[in-house]
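Visitor: I would like a close look at one part of the chain shown here, and then at how other parts of the model are described in the same terms.

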Amino acid sequence: MGQTIQIEKAISLKEKPDVSTVKFGTVFTDYMFTSDYTPEHGWEEPAIVPYKNLEISPAANGIHYGQSVFEGLKAYKNGDDILLFRPDENFKRLNTSLERLAMPQINEETSLNALYELIKLERDWVPDGPGQSLYIRPFIFADEAFLGVRSARTYKYNIILSPVAGYYGGQLDPTSIYVEDDYVRAVRGGVGAIKCAGNYAASILAQQKAAELGYEQVLWLDGVEQKYVEEVGSMNIFFVRNNELITPKLNGSILSGITRKSLIQLAEYKGYTVKEEKILLDDLRDGLQDGSISEIFGSGTAAVISPVGRMNVHGEDYIVNNNQVGPVAEDLYNHYTGIQYGTLEDPFGWIVKL
């Protein structure tokens, strides 16, 4: 992909919505980034163009064999400044996903510059309401028209933008989770540690099952023995046990979440003891029974922190912290989002200001 990005101006611009009424991922900005890959020229013709539908062949490899990866990050408004939170980490992880699916690597520096140019052009779309942000979705998929099972020869790379309201409307709200006993999310050596489309497709049936039973999220166990805790929904998971912060150790099937990584660093900076270890579901259940587990929360881009107030283990409900937001979750959430929105000092150099 070359350094020069062509910009095609839109004939007319869309009316900006009331972001507080927008459902996640339903409204998109005026422009998007695009680039195509061929083996002869690599990533070429990078451009920012008016948002539009893509034209692909019904035989496109990505539709049939799932060569499709993506990322998710956000832009925040602070006065006249637009802030991005660790965007370099997202493009590093995008390359990790591409490598695992035998897809061509991107130039991370060039991709960051392309994103910066796109955000600068769309800066009026970054909302400034409480908890609001501009969601950023880079994605790459195979578009070669070929039905043979092999790595494709041609690919499309796009970045689209969508204004989003605060996940909780400005306040944390405990959720409920159901331990999934039948289906598994991933196994070591598979694709559970990357952000590919198939991971999320495989989770939908279990999510529907949990919803029918009255729970909002699924707690995934390991894919071999189904006795170790791995993730919750599409998030990493944390526990407060005897005043220590515990999270499952990365094992090749757990996504290396950027929020997870950053929360660990922030928690240690604030003086918390943080441990990464294999967590038996039985030990978790025992901890809920004897009170040594005092908080549970998920972590991810969308919510940052999602506290858990109720968990179902093998058909039995356990209430966590009286179904209230715990002090550790609230402390980390407030500090983390304060850094993201520029209201608190960033001692780590995470923020990119545009």
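Which does His314 count as by its relative accessibility: buried, partly exposed or exposed?

Guide: His314 counts as partly exposed, because its relative accessibility is 45%. The scale calls a residue buried under 20% relative accessible area, exposed over 50%, and partly exposed in between, with a 1.4 Å probe and protein chains only. The model is predicted, so local features need pLDDT of at least 70 and side-chain atom pairs count only at pLDDT 80 or more, while totals for chains, interfaces and linings use all residues. Residues are numbered from 1 along each chain as its sequence is written, and side-chain values use heavy atoms, with hydrogens and water left out.

His314 sits in the loop between strand 16 (304-313) and strand 17 (316-319). Helices (H or I, at least four residues) and strands (E, at least two) are DSSP runs, numbered from the N terminus. The backbone of His314 has a positive phi of about 50 degrees, although the residue is not a glycine. Asn243 is another non-glycine residue with a positive phi, of about 70 degrees. Asn243 belongs to the loop between strand 12 and strand 13 (244-248), and it counts as exposed because its relative accessibility is 69%.

Strand 12 (residues 236-241) contains Asn236. Asn236 counts as buried because its relative accessibility is 4%. Its side chain reaches the backbone oxygen of Leu255 at 2.9 Å. Contact means heavy atoms within 4.5 Å. With neighbours within four places in sequence left aside, the contacts of Asn236 include Glu231, Ile254, Arg260 and Phe297.

Tyr157, in strand 8 (residues 155-164), is also described as buried, because its relative accessibility is 0%. Its side chain makes a polar contact of 3.1 Å with that of Ser111. Such a contact is a pair of N or O atoms within 3.5 Å; within protein, one must be able to donate a hydrogen and the other to accept it, and residues adjacent in sequence count only if both atoms are side-chain atoms. The C-alpha atoms of Tyr157 and Glu276 are 35 Å apart, and the two residues are separated by 119 residues along the chain.

Charged pairs come next. A salt bridge is a side-chain nitrogen of Lys or Arg within 4 Å of a carboxyl oxygen of Asp or Glu, and the count by this rule is 20. Asp36 and Lys156 form one of them, with the closest N and O atoms 3.3 Å apart. This pair links distant parts of the chain, Asp36 being in strand 2 (residues 31-38) and Lys156 in strand 8, 120 residues apart. Asp36 is partly exposed because its relative accessibility is 26%, while Lys156 is buried because its relative accessible area is 15%.

The side chains of Lys92 and Glu89 meet in a salt bridge of 3.9 Å, N to O. They are 3 residues apart in helix 2 (residues 87-100), so about one helical turn separates them. An α-helix has 3.6 residues a turn, so residues three or four places apart point the same way. Lys92 counts as partly exposed because its relative accessibility is 39%; Glu89 is buried because its relative accessible area is 13%. Both belong to a network of salt bridges that links Arg86, Glu89, Lys92 and Lys261.

Asp182 forms a salt bridge with Lys209, the closest N and O atoms being 3.0 Å apart. This pair too links distant parts of the chain: Asp182 is in the loop between strand 9 and helix 4 (197-201), and Lys209 is in helix 5, 27 residues apart. Asp182 is exposed because its relative accessible area is 56%.

Helix 5 (residues 204-212) has Ala206, Lys209 and Ala210 as its buried residues. They lie on the same side of helix 5 because they cover an arc of only 100 degrees around the axis, the arc being that of the directions from the helix axis to the C-beta atoms. The buried residues of helix 5 pack against strand 9 (175-179) and strand 10 (217-221).

On the surface, Leu54, Ile56 and Ile63 form a nonpolar patch with about 240 Å² of accessible area together. Ile63 is part of helix 1 (residues 61-65) and counts as exposed because its relative accessibility is 52%. Patches are made of residues with over 30% relative accessible area and no salt bridge, like charges being joined within 9 Å and nonpolar side chains (Val, Leu, Ile, Met, Phe, Trp, Tyr) within 5 Å. Accessible areas come from the Shrake-Rupley method with a 1.4 Å probe; for residues, only the protein chains shown count as cover.
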